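Please read the following report alongside the sequence and the coordinates.

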Amino acid sequence: MKVFHSDVHALHQPRMFLKAGQLVPNPETAARAHAIVHALGGAGFELVAPTYQGLDAVLAVHDAGLVRFLETGYQAWARLPNAGAEIVANTHPGGRFRHRPESVIGQAGFYTQDAACPIAAGTWQAALAAAGCAADAALAVMGGAASAYALCRPPGHHATRSQVGGFCYLNNAAVAAQLLRSQFERVAILDVDVHHGNGTQDIFYDRSDVFFASIHGDPDGFYPFFSGTPAECGEGEGLGFNLNLPFPVGSGDAEVMRALASALAAVRSYAPQALVLSLGFDAHEKDPHGAHRVSTAGFMAMAQAISELGLPCVAVQEGGYLHEELGSLARDFLRVLSGHC
Ligand SMILES: [Zn+2]
């Protein structure tokens, strides 16, 4: 199984993170990726740097204004008198009016959902390299590989078409799915990160050619709060092609496997020709950020059940925060997944 990974991710070192009104260290650290790289490299996985440099795959799923803001916003921000070290919004549009301002302070609010996505000098390069990993993994599967893994950092599934959010800047899974669509008529995205993949849902909500299924902690009590309910089924052409399966916050193996079984049944009945797996490890019982109780054995059962779909599979790294088992968890999950998938 090829693993696409770029060292450029380390240029992105977000600091700002607000948790229940407290400023705390941002848990989306470079050490997360280092732990996974270390475990995979020692286990015979083939690590490959991405070669895909084009912006076209990103612009196929994102608003051009957002992409321009990510690319150039920090330079404008750094010229502000007394600017902080990172772009963090202090105001967002509300109500019915959404004027896009020229001011970088205003644009920071216009293009961000929350305060979890600080932007500094290396953020754009890292986000673009992560999207490149997802693109190359999709191209590998389009070239005949049974599966490929994109070790994306920063992650992507909270990034909507026009807004960053939840540590995510560019939607790597959406980039992969859109590329796969040029070869496969029907593509499914299965999101097993513990948080709802609100950005991916946003991007494909009105489409029937990409089916989106997400299992996640109930948004009544869990980020991203404003989406992820079973009532969100898609709209227009996409009606019936979006499936949310929340489980109670704090759930363990049984509840998560039950939701996954329902998601897999729905994927099977959609009959896709390729799968994108939005792979978060933050439902693990040792995750410092995820608040759920899935065991390592539970993750292996998830990998086995997903592999039994027998579909060409692009696995894209989403959440999963640093603890002593993160690297081995990723390694063992991918071993099981690639055995069949
Ligand atoms: Zn997550």
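## Aromatic contacts

Which residues form one aromatic cluster with Phe 17? In this model, which is predicted, Phe 17 forms one aromatic cluster together with Phe 167 and Tyr 321. The count of aromatic pairs comes to eleven. One of these is formed by Phe 241 and Tyr 270, whose ring centres are 5.8 Å apart and whose planes make an angle of 70 degrees, an arrangement that is edge-to-face. Phe 241 lies in the loop between β7 (210-217) and β8 (242-247), whereas Tyr 270 belongs to helix α8 (residues 253-270), so the pair ties together parts that are 29 residues apart in sequence.

The partners of this pair can also be described by their accessibility. Phe 241 is partly exposed, its relative accessible area being 26%, while Tyr 270 is buried, with a relative accessible area of 9%.

## A charge over a ring

A further ring contact involves a charged side chain: Arg 98 lies over the face of Phe 110, at a distance of 5.2 Å from the ring centre.

## Cysteines

The count of disulfides comes to zero.

With regard to accessibility, Cys 133 counts as buried, at 2% relative accessibility, whereas Cys 233 is partly exposed, with a relative accessible area of 31%.

## The sheet

Eight strands make up an open sheet with parallel pairing, and their order across the sheet is β4-β1-β5-β10-β9-β6-β7-β8. The edge strands are β4 (46-48) and β8, each of which pairs on one side only. From one strand to the next, the twist averages 20 degrees.

Which residue of β10 stands opposite Ala 148? The residue that stands opposite Ala 148 is Val 314.

Methods
Residues numbered from 1 in each chain as written. Predicted model: local features only at pLDDT ≥ 70, side-chain atom pairs only at ≥ 80, totals over all residues. Heavy atoms only, no water. Phe/Tyr/Trp six-rings, centres within 6.5 Å; stacked < 30°, edge-to-face > 60°. Helix = DSSP H or I, 4+ residues; strand = E, 2+ residues; numbered from the N terminus. Buried < 20%, exposed > 50% of the residue type's maximum accessible area, 1.4 Å probe, protein only. Lys NZ or Arg CZ within 6 Å of the ring centre and 35° of its normal. Disulfide = S-S within 2.5 Å. Pairing = 2+ DSSP bridges. Axes fitted to C-alpha atoms, helices over the stretch in contact; angles between N-to-C directions.
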